[in-house]
Amino acid sequence: MDEVIWIELLSRHREHVVRQRVGADMFTLGRAWDNDIVLDDAHVAAHHLRIARDADGRWIAEDLGSINGLHVEGERRAQTRIVLAPGTIVRMGHTQLRLHRGSDTVAPELPLRHARSPWPAALACCALVLALAVLELWLGETGEPKLVRYLTGVLALAAVALLWTSAWAAISRLFAGHARFGTHLLIASAGLLAYSLYDPLGEFGAFALSWTALARYAYVSAWIALGATCFAHLCALSRKRLPLKAIAVAALVALGIGTQSLKLSEWRANYGQPAMLQRLAPPWLRIARAEEPGVFFAGSRDLQAGIDTARADEPAGDDAGSDDD
């Protein structure tokens, strides 16, 4: 009796496309209709591959004279004859295949686990983000509070979050087959919550501890939060190729931080140092020890001396040229 084997066809990303049972000692693959297994791949020949069992019971894949040849996964050199050992993946055109014997062992059964719904956590994160947005608006009030200002800010933030989540859900539906709107909403709201917490805490630290870098480089934390959020979305799409995804996201974050740093450097060169704190804080929040008045006045004198020196220097350039004339 012929040994029953299974031919497993894989996509370019090693995802299962089809599994076909074969009960013969020899069969062919290609695009022609008289093959035992017909492939829909323009880069596969009409009669591309023959798989047969030799006298020793080994399964041998042989190229039938195709242009693109037969390759073992990971090797660039084409081969005419390949022994199909367990787990060997061969490629022809854009199609990859793997042979399984009926006696091959399979992985143990995984216990069935019911995944928790992401909606409670997502809605809780959304509520916290909106509450922090309202608190931020209230702390920044300098006049009579108006309801329309709060509604506009909250609705704008909610619209951005929903558009962002809908875009990722559509991408997930297209590439993974399921939208996972709740999961992507949880990821987006968690990213917003992380930055919403850092922004006031960074400003507090800059004032209370005199660490102005916390406020000066707040945009770095925004880019990092954005990168972490995008990476989490990509992980929700698929757990495959995570190192490559991490490298791509890190490169984009580094590019964004570098570009914004150059723009801020140009701004400081043209207009001076921008204000670090967006609002005044009560003195009792100050933790760092205040400098002595003498240190302040000494710094003022040094600054005045530098200004006087610069004012006394003769300007170079156009004025010097006009004297020669």
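Here is a short chat about the structure shown above.

Biologist: Hi! What kind of model is this, and how are the residues numbered?
Modeller: Hello! This is a predicted model, where local features need pLDDT of at least 70 and side-chain atom pairs count only at pLDDT 80 or more, while totals for chains, interfaces and linings use all residues. Residues are numbered from 1 along each chain as its sequence is written, and side-chain values use heavy atoms, with hydrogens and water left out.

Biologist: Thanks! How many helices and strands does the chain have?
Modeller: The chain has 8 helices and 10 strands. These are DSSP runs numbered from the N terminus, with helices being H or I of at least four residues and strands E of at least two.

Biologist: And what is the radius of gyration of the chain?
Modeller: The chain has 33 Å, whereas a compact globule of 325 residues would have a value near 20 Å. The radius is taken over C-alpha atoms, and the globule rule is 2.2 Å times the number of residues to the power 0.38. Along the principal axes, the C-alpha atoms fill a box of roughly 100 × 65 × 35 Å.

Biologist: What share of the residues is buried?
Modeller: Of the 325 residues, 27% count as buried. Buried means under 20% relative accessible area, exposed means over 50%, and partly exposed is in between (1.4 Å probe, protein chains only).

Biologist: New topic: how many aromatic pairs are there in the whole structure?
Modeller: A search finds 4. Rings of Phe, Tyr and Trp (its six-membered ring) pair if their centres lie within 6.5 Å; planes under 30 degrees apart count as stacked, over 60 as edge-to-face and the rest as tilted.

Biologist: Where do W164 and W168 sit?
Modeller: They are 4 residues apart in helix α2 (residues 147-176), so about one helical turn separates them. W164 is partly exposed at 31% relative accessible area, and W168 is buried at 13%. Y217 and Y219 also form a tilted pair, 6.3 Å centre to centre with 50 degrees between the planes. Y217 is partly exposed at 38%, while Y219 is buried at 11%.

Biologist: What about the backbone: what is the phi of R180?
Modeller: R180 has a positive phi of about 55 degrees, although this residue is not a glycine. R180 lies in the loop between α2 and α3 (181-208).

Biologist: And where is R241?
Modeller: R241 is in the loop between α5 (218-237) and α6 (242-271). R241 also has a positive phi of about 55 degrees without being a glycine, and is partly exposed at 49%.
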